[in-house]
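Let's walk through this structure together, moving from its charged pairs to its rings, its overall plan and a few spots in the backbone. Keep the 3D view open as you read.

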Amino acid sequence: MATTPAATDPTMWTSLLHAGLAGSFLRLPHVAADAEALRRHEARAAIYGIPFDATNISRTGANYGPRGIRDVSVQFLTYNATLDFDVAEALNPVDCGDCDIALANAEKTFARAQHDIGQILQAGALPVTLGGDHSVTIPAVRAVREHVADPGLVLIDAHLDTALDV
């Protein structure tokens with residue numbers, strides 16, 4: 001007897017993400033971090049969370065970053081009236097969910113994240129990662145360097161902890 005495939009949840013409301021139930025970024029459709037699935041969806045940008053903070057030497061909690069960013073993002077639109085620009089029209093973005101975290105294991109977590117981000121890049125989509133502590137930049141940059149010879153990096157941080165102490 002043939003079984004019917006499970007219906008896809010385009011909003012991720014039924015997907016259990018790290019640290020609890022969360023919706024997708026800007027209510028974008030959820031598409032797995034799989035090159036073929038992303039190509040089928042014609043995604044040109046993909047949100048990917050890395051809720052990891054096990055390399056933090058002080059207070060933990062950065063692992064809640066992707067969830068918090070997604071929760072707040074639903075208050076915004078994809079359209080900017082000042083620029084007459086709709087990011088959803090221009091990039092057909094999707095949310096690939098979060099990295100499968102290996103608790104307290106940066107090596108395994110980063111390998112998984114690097115693989116998933118590599119899938120996003122293989123599909124021809126722009127990866128937009130949400131962290132996590134500062135270490136989550138490592139697998140993202142490694143994945144991009146495998147696909148792009150001289151990449152650029154835009155890093156947005158919540159505070160100025162990288163300032164030089166003179």
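Arg-70, Asp-95 and Asp-98 are linked in a network of salt bridges, and you are looking at them in a predicted model. Within this group, the side chains of Asp-98 and Arg-70 meet with 2.7 Å from N to O. Asp-98 belongs to strand β6 while Arg-70 sits in helix α2 (residues 65-73), so this pair ties together parts that are 28 residues apart in sequence. Are these two partners buried or exposed? Asp-98 has a relative accessible area of 16%, so it is buried, the limit for that label being under 20%. Arg-70 is buried too, with a relative accessible area of 1%.

Stepping back for a moment, side chains of opposite charge can pair when their charged atoms come close. By the rule used here, the count comes to four salt bridges. Another of them joins Arg-112 and Asp-100, with 3.6 Å from N to O. Here Arg-112 lies in helix α4 and Asp-100 in the loop between β6 and α4, so the pair ties together parts that are 12 residues apart in sequence. Arg-112 counts as partly exposed at 30% relative accessibility, whereas Asp-100 is exposed, with a relative accessible area of 51%.

Now find helix α1 (residues 35-41), which holds both Arg-39 and Glu-36. Their side chains form a salt bridge at 3.3 Å, again N to O. The two residues are three apart, about one turn of the helix. Arg-39 is partly exposed, with a relative accessible area of 39%, and Glu-36 also counts as partly exposed, at 41% relative accessibility.

From charges we can turn to rings. A pair of aromatic rings is described by the distance of the centres and the angle of the planes. How many aromatic pairs does the structure hold? There is one aromatic pair. The ring centres of Phe-52 and Phe-110 lie 5.6 Å apart and their planes meet at 70°, so the pair is edge-to-face; the angle needed for that description is over 60 degrees. Phe-52 is in the loop between β3 (45-50) and α2, and Phe-110 is in helix α4, so the pair ties together parts that are 58 residues apart in sequence. Both Phe-52 and Phe-110 are buried.

The protein chain has five helices and seven strands. Reading from the N terminus, its elements run β-β-α-β-α-β-β-α-β-α-β-α. The chain has 166 residues, of which 36% count as buried. Consider its contacts between residues at least 6 apart in sequence: 70% of them join residues at least 24 apart.

Which residues make a nonpolar surface patch? Val-141, Leu-153 and Leu-155 do, and their patch covers about 290 Å². Leu-153 is found in the segment after α5. With a relative accessible area of 58%, Leu-153 is exposed.

Finally, follow the backbone. Most residues other than glycine have a negative phi, and most peptide bonds are trans. Asp-84, in the loop between β4 (79-80) and β5 (85-86), has a phi near 50°, a positive value in a residue other than glycine. Asp-84 is exposed, with a relative accessible area of 59%. Ala-104 lies in the loop between β6 (94-98) and α4 (106-122). The phi of Ala-104 is near 60°, which is positive in a residue other than glycine. Ala-104 counts as exposed as well, at 72% relative accessibility.

Which form does the bond from Gly-131 to Gly-132 take, cis or trans? It is cis, with omega near 25°. To find it on screen, look for Gly-132 in the loop between β7 (126-131) and α5 (137-147).

Technical notes. Residues are numbered from 1 along each chain as its sequence is written. This is a predicted model: local features need pLDDT of at least 70, side-chain atom pairs count only at pLDDT 80 or more; totals for chains, interfaces and linings use all residues. Side-chain values use heavy atoms; hydrogens and water are left out. Helices (H or I, at least four residues) and strands (E, at least two) are DSSP runs, numbered from the N terminus. Buried means under 20% relative accessible area, exposed over 50%, partly exposed in between (1.4 Å probe, protein chains only). Contact means heavy atoms within 4.5 Å. Patches are made of residues with over 30% relative accessible area and no salt bridge: like charges are joined within 9 Å, nonpolar side chains (Val, Leu, Ile, Met, Phe, Trp, Tyr) within 5 Å. Accessible areas come from the Shrake-Rupley method with a 1.4 Å probe; for residues, only the protein chains shown count as cover. Rings of Phe, Tyr and Trp (its six-membered ring) pair if their centres lie within 6.5 Å; planes under 30 degrees apart count as stacked, over 60 as edge-to-face and the rest as tilted.
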